[in-house]
Amino acid sequence: MTDGIRPDGVRTTEPDRPARHAVVVGGGLAGLTAALSLADAGVRVTLLEGRPRLGGLAFSFRRGDLTVDNGQHVYLRCCTAYRWFLDRIGGTELAPLQDRLDVPVLDAARPEGRRLGRIRRDALPVPLHLGRSLATYPHLSLAERARVGRAALALKALDPADPALDTQSFGEWLAAHGQSARAVEALWDLVGVATLNATASDASLGLAAMVFKTGLLSDPGAADIGWARVPLGELHDRLARKALGSAGARVEVRTRVTSVSRKENGRWSVQVPGRSLEADAVVLAVPQREAHALLPAGALDAPERLLAIGTAPILNVHVVYDRTVLSRPFVAAIGTPVQWIFDRTRASGLKDGQYLALSQSMAHREIDTPVAELRERYLPELRRLLPLARDARVRDFFVTRERTATFAPSPGVGRLRPGARTKAPGLYLAGAWTATGWPATMESAVRSGVSAADAALSALGRPRPSRLFTFEEASPDVPTGDLPRLPGRRPGVTGAFVREGTR
């Protein structure tokens, strides 16, 4: 007799159904989602993670009395899958959303007192919700603002799923639609660099269209920003681990998988140092190069495509001051090497002073720069941007580096990203780099985990648990249906895109 989960979520005893076992390799957001989804369906799950904690590239660590996130991560109201994940692990209240989109933007090149602009929305339908903000945005000329509006309408008409868009550069498209270098810097890259981890010139038009259409042109509240008011480890490790345990999943950290192979009886053998685990299904929820190393022969038609998916780094600069120097939760910046600044004081546990985190995307030139040089580069910029920092004493300065934080969203990357299913029965792929249609984000990671779990459940003959996130758009790997309603969610909004590596 085995336990199962009915579609209405009630656990039952099923004498005629054999026990099924799934192994999920990787404890990032994709693996956590796949493991939770399978366990909720009554599958016996073992999650294997090589590191000593869960959370993948969205984690925390201790530095003295501080609890530090490896990088600043935010999400948007339209991140429906990640919001479902937060709800599933009981973390929604710990990562609330803005009531309404409001992004302060400082232009370091303007005179003091005239540096602040804002990107914020009104309670009006799309695209009027951003009309007043765009009309008064001081970092663009009147003519540039008008051309931005026309480009936005043209962008709204694009279909991000069109394969032709994936072969084009977003920068070339912007230039063809009259966007000046200033407009790209002060608006398009302000959003695009933070979400794509690439400038417009290096980004796929298809992925950029997904970002801007979904976040800014789909629903008035789609781009409202949310972020964790607690360390990420509280969400993606402690609460996720608790949810997995309650669902009956087994978690093993510090356990690195060395090989995955199919046995003669059709089951799978997952090898770890000193032993092997047998499974009916295996989900590889690891980075693309690690997945390539573990894939058995014949699992993909062209496995070398995984190695052709490039990566992009993210640098995070952490500064602790002896006093408050930033009065806002966060601020974006232009005209300076600084991109985004976040106040992490309360979340880190700092009792006095202020702790700021700078999130520096596409950090190819700086990712290996010594800390001393970064200190000489960024502290003067902070004094330039934040007048109160000029008289403040720096108590601590350190950096965290994610050299392969995201996949590179280069033109042509779409054809390289595989789906959840492989040609090997019972073997599935998950990760933000798979074919979710989204850039490398927390949203993409969660969606990939759901896709892999759905494919595995279908093959295992297990019913889909009612609590599992349901995609709004059709997908070859995922059945369609109605989204579960989440607090504050508007019907008809698709998922979103703040990348897993930093936002």
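1. Arg395 counts as partly exposed, at 36% relative accessibility, where partly exposed covers the range between buried (under 20% relative accessible area) and exposed (over 50%), with a 1.4 Å probe and protein chains only. Its side chain meets that of Asp352 in a salt bridge at 2.6 Å, N to O, the criterion being a side-chain nitrogen of Lys or Arg within 4 Å of a carboxyl oxygen of Asp or Glu. Asp352 also counts as partly exposed, at 42% relative accessibility. The pair links distant parts of the chain, 43 residues apart, with Arg395 in strand S20 (residues 394–407) and Asp352 in the loop between helix H12 (345–348) and strand S19 (354–360); helices (H or I, at least four residues) and strands (E, at least two) are DSSP runs, numbered from the N terminus.

2. On provenance, this is a predicted model, in which local features need pLDDT of at least 70 and side-chain atom pairs count only at pLDDT 80 or more, while totals for chains, interfaces and linings use all residues. Residues are numbered from 1 along each chain as its sequence is written, and side-chain values use heavy atoms, with hydrogens and water left out.

3. The protein chain averages a pLDDT of 91, and 90% of the residues score at least 70, pLDDT being the predictor's confidence in each residue, from 0 to 100. Over residues 12–16 the pLDDT is below 50, although this stretch has 13 contacts in the model beyond near neighbours in sequence, a contact meaning heavy atoms within 4.5 Å. Over residues 473–503 the pLDDT is likewise below 50, with 139 contacts beyond near neighbours in sequence. Where pLDDT is low, the predicted coordinates should not be read in detail.

4. The structure holds 29 salt bridges. One of them joins Asp40 to Arg88, with the closest N and O atoms 2.8 Å apart. Asp40 lies in helix H1 (residues 29–40) and Arg88 in helix H2 (residues 80–89), so the pair ties together parts that are 48 residues apart in sequence. Both Asp40 and Arg88 are buried.

5. In another salt bridge, the side chains of Arg377 and Glu366 meet at 2.5 Å, N to O. Because Arg377 lies in helix H13 (residues 371–385) and Glu366 in the loop between S19 and H13, this pair ties together parts 11 residues apart in sequence. Arg377 is partly exposed, with a relative accessible area of 32%, whereas Glu366 counts as buried at 13% relative accessibility. Salt bridges that share partners also join Arg20, Lys263, Arg267, Glu278 and Asp280 into one network.

6. The largest nonpolar core has 130 residues, and those with the most contacts inside it are Leu38, Tyr82, Phe85, Phe170 and Trp188; such a core is a set of buried Ala, Val, Leu, Ile, Met, Phe, Trp, Tyr and Cys residues joined through side-chain atoms within 4.5 Å. Helix H14 (residues 442–460) gives the most to this core, with 10 residues. Not counting residues up to four places away in sequence, Leu38 touches several residues, among them Val24, Val283 and Leu457. A second, separate core of 26 residues includes Val319, Leu386, Ala392 and Val399.

7. Three strands form an open antiparallel sheet in the order S12-S13-S14, where pairing requires at least two bridges found by DSSP. Strand S12 (259–262) and strand S14 (275–279) stand at the edges with a single partner strand each, so one side of each is left without a neighbour in the sheet.
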